[in-house]
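Open the structure in your viewer and keep the selection panel at hand. The tour goes from pockets to a surface patch and then to a helix.

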Amino acid sequence: MLKKLYKYDLKSVSLLLVILHAVLLVYSLVGRIGFSLLKGGETLQTFEVSNLWGIAISFYFLGYALFIFAIIIGTVVYLGIRIQKNLFSDEGYLTHTLPVTPTQLLWSKVFVIWTWSIIDFICVVLSVLLLISYKETLPILLENTSTVFQILSGSFGVTDQLAKIVAVLDGIIQHFGFYPLLLLFSMCLGNLFKSHKVLGTILSFFGLNIILGLLNTMITLIIPGLSPFMQANLTQDNLSVYSGRLMIFTLVWNILFSVIFFMGSRYILTKKLNLD
Amino acid sequence: MNPILECRNLTKCYDNKIALNKINLSLERGKIIGLLGPNGSGKTTLIKLLNGLLVPTEGSIFVDGHTPGIETKKIVSYLPERTYLSMHMRVSEIINYFADFYSDFDRSRAYDMLKHLNINPMDRLRTMSKGTKEKIQLILVMSRRASLYCLDEPIAGVDPAARDYILSTILNNYDENASIIISTHLISDVENILDDVVFIQNGQIRLSDSVDNIRFNQGKSVDSLFREVFKC
């Protein structure tokens with residue numbers, strides 16, 4: 001049943017998202033073709049903003065940046081709206097009378113969010129690569145990517161492999177666990193509001209996010225092993241230990257709340273469902 | 001054998017308003033039961049509770065001996081009083097959807113009914129009139145070989161000709177062992193197909209009896225009795 005739910009849920013959201021992401025790729029492709037044709041193969045680095053082409057390119061990139069931003073935010077918002085509608089609007093009368101468990105309903109939504117997060121990420125990366133990867137720029141691109149990774153891991157004081165793995169795992173859990181499940185839990189909490197359920201969802205999402213953020217900060221300030229103010233003589237060696245400890249705490253925190261959000265959503269769908 | 005529907009002290013409150021007040025009810029199998037009452041009497045609340053769309057405040061409700069859940073959803077075919085289908089879907093896609101989820105769904109029965117009503121399976125729901133959408137929902141619901149059909153206001157908002165078609169569809173498409181609960185306040189239209197009636201008012205059962213008993217013992221039609229009981 002979960003497979004069937006996933007199939008129909010994915011189908012119901014995909015048409016618009018496929019079109020949007022295809023437009024992004026076409027926009028990037030048009031840009032690439034344009035750059036290739038312009039100035040007889042002159043590279044991006046040698047364009048001058050002062051001339052007419054330069055202005056056109058600036059506008060193109062401004063539009064591109066806005067498009068990327070809109071598509072990333074838009075995908076999440078659209079998925080949220082569709083899931084909310086499927087679970088708690090008139091469509092919910094069908095969704096909740098299907099012979100499936102609330103757990104299956106939730107997993108299906110989570111899988112759809114995961115699927116589109118991955119597609120979204122791949123499309124954005126592809127689009128950027130389409131625009132900036134030329135024979136001349138490729139070595140610089142690879143070098144810069146490697147530097148970024150080094151800076152990222154270095155800036156957290158991470159030196160050993162285990163801590164790097166924890167950092168990556170933390171990012172994955174946050175992106176694929178914490179936030180999608182917070183979104184679903186907020187929708188379920190929104191359903192408990194007597195009226196203005198969508199507003200209830202938005203308030204729950206931002207409210208929980210702020211409260212948990214504050215709680216997290218307070219804990220890290222109070223607990224001796226986590227507080228930066230209680231670390232005496234931070235050297236390169238114990239900075240790495242401290243950062244590792246902080247990252248493990250964040251990882252446990254995100255896993256714990258992902259589980260709480262899932263269980264809470266399931267509880268509401270099972271025991272507190274109230275479709276008006 | 002368990003009754004198809006059983007309510008024990010079933011209560012449902014919305015804030016301070018009591019929608020259902022300690023209802024005790026047991027419905028037998030193989031009958032067409034009219035759940036009759038004026039607007040706001042608690043008919044839809046009772047139907048939503050038996051479909052698991054609401055949770056009781058107190059008491060319990062059993063469908064074929066089970067509390068509403070995955071087991072009851074397999075055997076209950078529910079027609080809500082609103083359109084619950086995605087407007088962007090084609091009729092054929094909706095039929096596939098039902099066939100995928102409900103093992104008792106009879107695809108050929110659905111296509112027969114569509115053909116009879118001259119509805120193109122390739123049409124999208126958003127291009128259809130309200131009446132046609134309601135007919136499609138009824139076709140989907142009655143194409144299942146369910147043990148209990150729950151029809152909430154199936155004839156409200158459709159023209160008299162469509163009402164006749166809907167009622168004949170209901171009669172022609174259910175197995176003798178199955179039960180049908182029809183919630184409505186349009187008594188005269190459904191009276192002739194009912195076996196039993198349950199009168200509900202202000203969240204309480206006012207009367208539960210067979211149509212024959214009402215006719216022979218009280219010498220009245222159900223419609224007349226309804227008007228008498230619920231006189232404003």
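Start with helix α6(A): with 13 residues, α6(A) gives the most to the lining of the largest pocket. The model is a predicted one.

**Stop 1: the largest pocket**

Select I72(A), V76(A), S117(A), D120(A) and H175(A), the lining residues that lie nearest the centre of the largest pocket. Colouring the lining by residue class gives 34 nonpolar, 10 polar and three charged residues.

**Stop 2: the second largest pocket**

The second largest pocket has a volume of about 690 Å³. Select S12(A), R82(A), S86(B), H88(B) and M89(B), which are the closest to its centre among the 30 residues that line this pocket. Two or more lining residues come from each of α1 (2-37), α2 and α3 (92-95) in chain A, and from α3 (91-101) in chain B. By class, the lining of the second largest pocket holds 13 nonpolar, seven polar and 10 charged residues.

**Stop 3: a patch on the surface**

Now show the surface and select I118(A), F121(A), I122(A), V125(A), L126(A) and L129(A). These residues form a nonpolar patch, and their accessible area together is about 530 Å². Pick out F121(A), which lies in helix α4 of chain A. Is F121(A) buried or exposed? F121(A) has a relative accessible area of 59%, so it counts as exposed, the cut-off being over 50%. On the spacing of such positions along a helix: an α-helix has 3.6 residues a turn, so residues three or four places apart point the same way.

**Stop 4: helix α1 of chain B**

Move to chain B and select residues 43-50, which make up helix α1. Why is this helix described as largely enclosed by the rest of the structure? Seven of its eight residues are buried, so the description follows from that count. To see them, select K43(B), T45(B), L46(B), I47(B), K48(B), L49(B) and L50(B), the buried residues of α1(B).

Technical notes: Residues are numbered from 1 along each chain as its sequence is written. Chains are lettered from A and ligands numbered from 1 in the order in which they are written. This is a predicted model: local features need pLDDT of at least 70, side-chain atom pairs count only at pLDDT 80 or more; totals for chains, interfaces and linings use all residues. Side-chain values use heavy atoms; hydrogens and water are left out. On a 1 Å grid over the protein atoms alone, a cavity is a set of points where a 1.4 Å probe fits but cannot get out, and a pocket is an open set with protein on both sides within 12 Å along at least five of seven lines; lining residues have an atom within 4 Å of a point. Helices (H or I, at least four residues) and strands (E, at least two) are DSSP runs, numbered from the N terminus. Ala, Val, Leu, Ile, Met, Phe, Trp, Tyr, Cys and Pro count as nonpolar, Asp, Glu, Lys and Arg as charged, and the others, Gly among them, as polar. Grid points are joined across faces, edges and corners, and a volume is the space filled by probe spheres set on the points. Patches are made of residues with over 30% relative accessible area and no salt bridge: like charges are joined within 9 Å, nonpolar side chains (Val, Leu, Ile, Met, Phe, Trp, Tyr) within 5 Å. Accessible areas come from the Shrake-Rupley method with a 1.4 Å probe; for residues, only the protein chains shown count as cover. A salt bridge is a side-chain nitrogen of Lys or Arg within 4 Å of a carboxyl oxygen of Asp or Glu. Buried means under 20% relative accessible area, exposed over 50%, partly exposed in between (1.4 Å probe, protein chains only).
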